[in-house]
2 protein chains.
Amino acid sequence: MIRDAGTLTRAELARRTGLARSTVAQRVDTLLRHELVYEAAGADSTGGRPPTSLVFNDGSGVVLCGDLGVTHGRLAVCDLGGASLAEEIEELDIAAGPETVLAIVDERFGALLEQAGRASSHVRGIGLGVPGPVAFDRGEPANPPIMPGWDGFSIPGWFAARHDAPVLVDNDVNIMALGEHWANWRGRDHLLFIKVGTGIGCGIVARGRIHHGAKGAAGDIGHIRLAGEEATCRCGNVGCLEAVSGGAALARRLAEQGVEARTSRDVVRLVKEGSAPATRLVREAGRNLGEVLAGCVNFFNPEVIVIGGDVGQSSQQLLAGVREVIFQRSLPLATEELRVVPSGLGDRAGVVGAAIMVIEHVLSPQAIDQAIRRGVGA
Amino acid sequence: MIRDAGTLTRAELARRTGLARSTVAQRVDTLLRHELVYEAAGADSTGGRPPTSLVFNDGSGVVLCGDLGVTHGRLAVCDLGGASLAEEIEELDIAAGPETVLAIVDERFGALLEQAGRASSHVRGIGLGVPGPVAFDRGEPANPPIMPGWDGFSIPGWFAARHDAPVLVDNDVNIMALGEHWANWRGRDHLLFIKVGTGIGCGIVARGRIHHGAKGAAGDIGHIRLAGEEATCRCGNVGCLEAVSGGAALARRLAEQGVEARTSRDVVRLVKEGSAPATRLVREAGRNLGEVLAGCVNFFNPEVIVIGGDVGQSSQQLLAGVREVIFQRSLPLATEELRVVPSGLGDRAGVVGAAIMVIEHVLSPQAIDQAIRRGVGA
């Protein structure tokens, strides 16, 4: 509450919460002891002793955060305001399994902490995004198709022996949605973040929070069926959006046309080089994505759709294709104030979202209460 | 809090809320004065004077609620526990416009109050569902396609001169979703209610509350495109679900086959009579609906999908068609624990939901505070 308001006095806190003054005084003492807030002389004195304002202390701790992809990860140390103090991109092969990958991640976290001039004792929490579905409550990947060895592996359990801090894990597209919402669209309630990379996924922000769905499977738009398409998908169905217009599918289709392309990165490179067949395919991919998103717009009525991922960000053509179909296919009431925009954070959306995920958790009243009971930092 | 817990003592309230005992005592006094709670001797005495338990008083007021359709409406007087005290179905033509329709509704509310042995002074709130999109914050229909004269009409404004109680208005499918969730699925967070009548619509419950979306347009699945269909829809697009499989479309297609049918009611009658072409068409409608819902399941990952509306409830064939396609087309993780069920409340889902919508509002701390300030019931 103090962070969101900027500054507050104890009297204002009592008024806003309806809590007894003695309760407020007690809790503020705890926050002061944890250095989560500091005191500043108030400016609005009405004569007599000015009331002391409380200010949130961004620098009172750090979080370790990472956005792990298939071939590399972005890792950072952030302060409690979400600002990055040290950050790097690290090559890593997610298929090497959790023990190997997490050992590298933790070693780099140590190096980044040193670079930021902070110690392990300053770490308040750890947030990670991974490229697959996650049982969010347990921090365990759940049947991830491209993360061999990670199924059911407890990431918080692995870190527990190394850091005395809560560990939160979510799907990479979910943390990208959270990061983009926090950085650029905090005033809007409902946002979709679309990642077009090798595959196609969607993170959903509903009423300002990530919508995970019943089993953490929400946002899997890559397997929604496209009208009139019969391509077979790795999921076993035909006509899935991802099987027609994901980065891997685009590379395959370019190769069939005799253009040298194997991965989504090749597609991105070709588009940047101005290749006509690649540009044409990416525009068509945008229209196909737009077809699926038109349905999501009718169903969910978001305020903002953010297009990200390396293929998604590679070309204005893709965005143009998306917009063309959404505004033609969705109902006027649903598109009246809809914004369809490229990602503002780009490649950093995930790591920012991972930081915000864990900061929001660490600063929640429940977590602070729990930390107090455990005596952390006291 | 008292209602949800069954009974609570003042001490338990102080513990659960963290509010000062003096604050709790003050607020409980207000609730007692409004007769929203009453006192009962506590059972868990530990010696000495037993603490007094507070019990929520279902009978301390009533709400007026209605689910208005195109040709008729269901109206009721309910107690604050959501139980119906008097209820009736009234013929009314929504196209006669708001003044005419609401005058009938209010006249019938008066008769139902009398039937229930209650007076106008007992009315704590009014909840209405209407067959079109609604600007929920203002209680005004917004560009409703089948409600001539209602666009932008303030329903709360009309009632303000007649009742001193808050008036809430929402789309009929949203209140049906709320009613079904409250009556049968309160333990689940995410539910879709599908109404298949003349048209096709969807109400979305997310984290236990109605998801309205940015402009109140969420749930408009009737205009999502079906693969391989080119029927022209009243919305101007082609291949919309509703244009192929809504009740009106089914009646038209039956008529084209020489079967006498003009409305969705005729379709329902034919199905009940065992007409083979009608049954075949309804099964196909179920598969088409399943196709669209498979996308919604991948996107939203609900726990429950409830199928309602007169056509939706007319036949097991429709439900079977829906299930067939959803479980084939959606991802295993998303369907693992998914339930696809017929509406438990049937034709009463809307009126129950309208009651719950206004009861939840009336019992919210904000509304109680406001009522206290206005001196209502004090």
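**Figure 1. Salt bridges within chain B.** In this predicted model, Arg269(B) and Asp266(B) form a salt bridge whose closest N and O atoms are 3.6 Å apart, where a salt bridge is a side-chain nitrogen of Lys or Arg within 4 Å of a carboxyl oxygen of Asp or Glu. Both residues belong to helix α9 of chain B (residues 264-273), in which they stand three residues apart, about one turn of the helix; helices (H or I, at least four residues) and strands (E, at least two) are DSSP runs, numbered from the N terminus. Arg269(B) counts as partly exposed because its relative accessibility is 36%, whereas Asp266(B) is buried, with a relative accessible area of 17%; buried means under 20% relative accessible area, exposed over 50%, and partly exposed in between (1.4 Å probe, protein chains only). A further pair in chain B joins Glu242(B) to Arg234(B) through a salt bridge of 2.7 Å, N to O. Of these two, Glu242(B) is buried at a relative accessible area of 10%, while Arg234(B) is exposed at 59%.

**Figure 2. A salt bridge between two strands of chain B.** Glu87(B) and Arg74(B) form a salt bridge, with their closest N and O atoms 2.8 Å apart. Because Glu87(B) lies in strand β6 (residues 84-91) and Arg74(B) in strand β5 (residues 72-79) of chain B, the pair ties together parts that are 13 residues apart in sequence. With a relative accessibility of 23%, Glu87(B) counts as partly exposed, whereas Arg74(B), at 16%, counts as buried. Over all chains, a search of the whole structure finds 38 salt bridges.

**Figure 3. The contact between chain A and chain B.** The contact takes 50 residues from chain A and 50 residues from chain B, contact meaning heavy atoms within 4.5 Å. Between them the two chains bury about 4,100 Å², of which 56% is on carbon and sulfur atoms; buried area is the accessible area (1.4 Å probe) that two parts lose on being put together, summed over both. In chain A, the residues that lose the most area to chain B are Arg207(A), Phe299(A) and Arg329(A), which together account for 20% of what that side buries.

**Figure 4. Polar and charged pairs across the contact.** Six salt bridges are counted between chain A and chain B, and in one salt bridge the side chains of Glu337(B) and Lys215(A) meet at 3.0 Å, N to O. The two chains also have 29 residue pairs in polar contact between them, both residues at pLDDT 80 or more; a polar contact is a pair of N or O atoms within 3.5 Å, and within protein one must be able to donate a hydrogen and the other to accept it, while residues adjacent in sequence count only if both atoms are side-chain atoms. On the side of chain A that touches chain B, the elements that give two or more residues are β12 (200-206), β13 (209-210), α10 (276-300), α11 (316-329) and α12 (332-335) of chain A. The most comes from α10(A), with six residues. The residues of this side divide into 24 nonpolar, 16 polar and ten charged, where Ala, Val, Leu, Ile, Met, Phe, Trp, Tyr, Cys and Pro count as nonpolar, Asp, Glu, Lys and Arg as charged, and the others, Gly among them, as polar.

Figure 5. Thr335(A) lies in helix α12 of chain A and is buried, with a relative accessible area of 9%. Leaving aside neighbours within four places in sequence, Thr335(A) is in contact with Val297(A), Ile326(A), Phe327(A) and Ser330(A). Cys235(B) lies in the loop between β13 (209-210) and α7 (241-245) of chain B, and at 32% relative accessibility Cys235(B) counts as partly exposed. With neighbours within four places in sequence again left aside, Cys235(B) is in contact with Leu331(A), His223(B) and Cys240(B).

**Notes to all views.** Residues are numbered from 1 along each chain as its sequence is written, and chains are lettered from A and ligands numbered from 1 in the order in which they are written. In this predicted model, local features need pLDDT of at least 70 and side-chain atom pairs count only at pLDDT 80 or more, whereas totals for chains, interfaces and linings use all residues, and side-chain values use heavy atoms, with hydrogens and water left out.
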